[in-house]
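Please keep the sequence and the coordinates at hand while reading.

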Amino acid sequence: MSYKSGFVSVIGRPNVGKSTLLNTITGQKIAIMSDKPQTTRNTIRGVITNKECQLILIDTPGIHKPKTKLGEYMVNVASETIKEVDLVLFLVEANAQPGAQDINIIQQLKQVKTPVFLILNKVDLVSKEKLLAIIDSYSKLMNFKAIIPISALKNDGIDIILKEALDLIPEGPQFFSEDMLTDQPEKVIAAEMIREKVLLNLDDEVPHGVGVEVTSFKEREDGLINIQATIYCEKSTHKGIIIGKQGSMLKKIGSAARYEIERLLDTKIFLELWVKVKPDWRNSDNMLKTLGYKTNKN
């Protein structure tokens with residue numbers, strides 16, 4: 001059999017487990033995760049390579065009703081990818097009937113010729129009877145190429161996705177080297193790891209108004225990497241919350257981020273964090289561009 005390669009988009013509404021699926025398939029944490037919606041803001045590509053094929057999986061922001069320019073950018077990114085890939089994995093929750101956002105995504109998927117797999121995630125949380133009823137509901141909305149129940153968190157059913165995908169993707173070359181797990185620059189992943197720790201440690205509206213920019217990423221002669229990063233927030237009150245009493249929260253965020261980044265880079269790092277207030281930055285074209293949320297199309 002000739003070698004195959006293809007691009008696969010992972011799409012769905014916010015918080016259905018797209019980043020967990022990407023991390024599980026690649027076997028490495030390359031996409032940040034939290035229980036807050038709209039955690040992923042950009043496309044993140046994970047690369048899976050074996051003797052038969054290379055799959056480039058694209059984790060997209062959750063499709064939602066945008067309220068800011070950042071939100072509009074996120075939805076556009078997700079919607080555009082379904083037109084440019086060889087296969088779409090439409091991820092939904094196995095324990096919930098189709099909602100308005102799911103139906104909206106299905107309407108978009110019907111507009112393109114790209115084959116679509118329905119992936120029902122969190123199957124471990126639902127009875128067989130309820131699962132069959134939910135599968136029936138989705139089947140009435142669209143004719144899917146395959147319907148695959150999985151648990152991304154427990155690595156259950158992932159092998160079936162890969163097997164079914166192999167039958168559909170075209171013959172092609174290896175786009176990336178065998179040891180490459182993502183096309184994301186280390187600087188970008190470091191910024192995302194810092195943002196993840198903000199998401200995990202802070203509640204309410206603060207995390208959604210946070211952006212992270214790595215301003216310096218330099219390797220020293222002794223092999224240690226110096227990373228300097230700025231956490232942007234929209235209100236001075238948010239800045240106080242992020243820093244915490246006597247800097248305690250910022251220290252906690254920095255310590256957790258440093259641990260993740262060191263695991264990823266397999267080396268020691270020195271991490272310096274600053275917090276700056278940028279009112280309404282999510283509606284600022286300049287700030288969106290600075291933080292990497294603007295493409296050439298924007």
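The account below moves from the whole chain to individual helices and sheets.

The model is predicted; local features need pLDDT of at least 70, side-chain atom pairs count only at pLDDT 80 or more, and totals for chains, interfaces and linings use all residues. Residues are numbered from 1 along each chain as its sequence is written, and side-chain values use heavy atoms, with hydrogens and water left out.

The protein has nine helices and nine strands, where helices (H or I, at least four residues) and strands (E, at least two) are DSSP runs numbered from the N terminus. Of its 298 residues, 51% are buried; buried means under 20% relative accessible area, exposed over 50%, and partly exposed in between, with a 1.4 Å probe and protein chains only. Among contacts with a separation of 6 or more, 72% are between residues 24 or more positions apart, a contact being heavy atoms within 4.5 Å. Thr 20 belongs to helix H1 (residues 18-26) and is buried, at a relative accessible area of 18%. Its C-alpha atom is separated by 9.9 Å from that of Lys 154, 134 residues apart along the chain.

Helix H4 (residues 128-139) consists of twelve residues and spans 16 Å from its first C-alpha to its last, close to the 16 Å expected at 1.5 Å a residue; the expected span is 1.5 Å times one less than the number of residues. Which residues of H4 are buried? They are Leu 131, Ile 134, Ile 135 and Tyr 138. These residues lie on the same side of H4 because they cover an arc of only 105° around the axis, the arc being that of the directions from the helix axis to the C-beta atoms. An α-helix has 3.6 residues a turn, so residues three or four places apart point the same way. The cover over the buried residues of H4 includes strand E4 (87-93), helix H3 (100-109), strand E5 (116-121) and strand E6 (146-149).

In H3, the buried residues are Asp 102, Ile 105, Ile 106 and Leu 109. They line one face of the helix, because they fall within an arc of 105° when seen down its axis. Their cover includes E4, E5 and H4. E5 and E6 run parallel and are joined by four bridges, with Leu 120 opposite Pro 149 in E6. On E6, Ala 146 and Ile 148 form a covered face, whereas Ile 147 and Pro 149 form an uncovered one.

Another part of the model is an open sheet of three strands in the order E7-E8-E9, with mixed pairing; two strands pair if DSSP finds at least two bridges between them. Strand E7 (211-219) and strand E9 (269-277) are the edge strands, each pairing on one side only. E7 pairs with strand E8 (residues 225-233) in the antiparallel sense over eight bridges, and Val 212 stands opposite Ile 231 in E8. Helix H6 (residues 186-201) packs on this sheet, touching E7, E8 and E9, and its direction makes about 135° with that of E7. Such angles run from 0 to 180 degrees between N-to-C directions, and axes are lines fitted to C-alpha atoms, for helices over the stretch in contact.

H8 also lies across E7, E8 and E9, running at about 135° to E9. Helix H7 (residues 236-243) packs against helix H8 (residues 248-265) at an angle of about 65°, with the axes 4 Å apart. Here Ile 241, Ile 242 and Ile 243 of H7 meet Ser 248, Met 249, Leu 250 and Ile 253 of H8.
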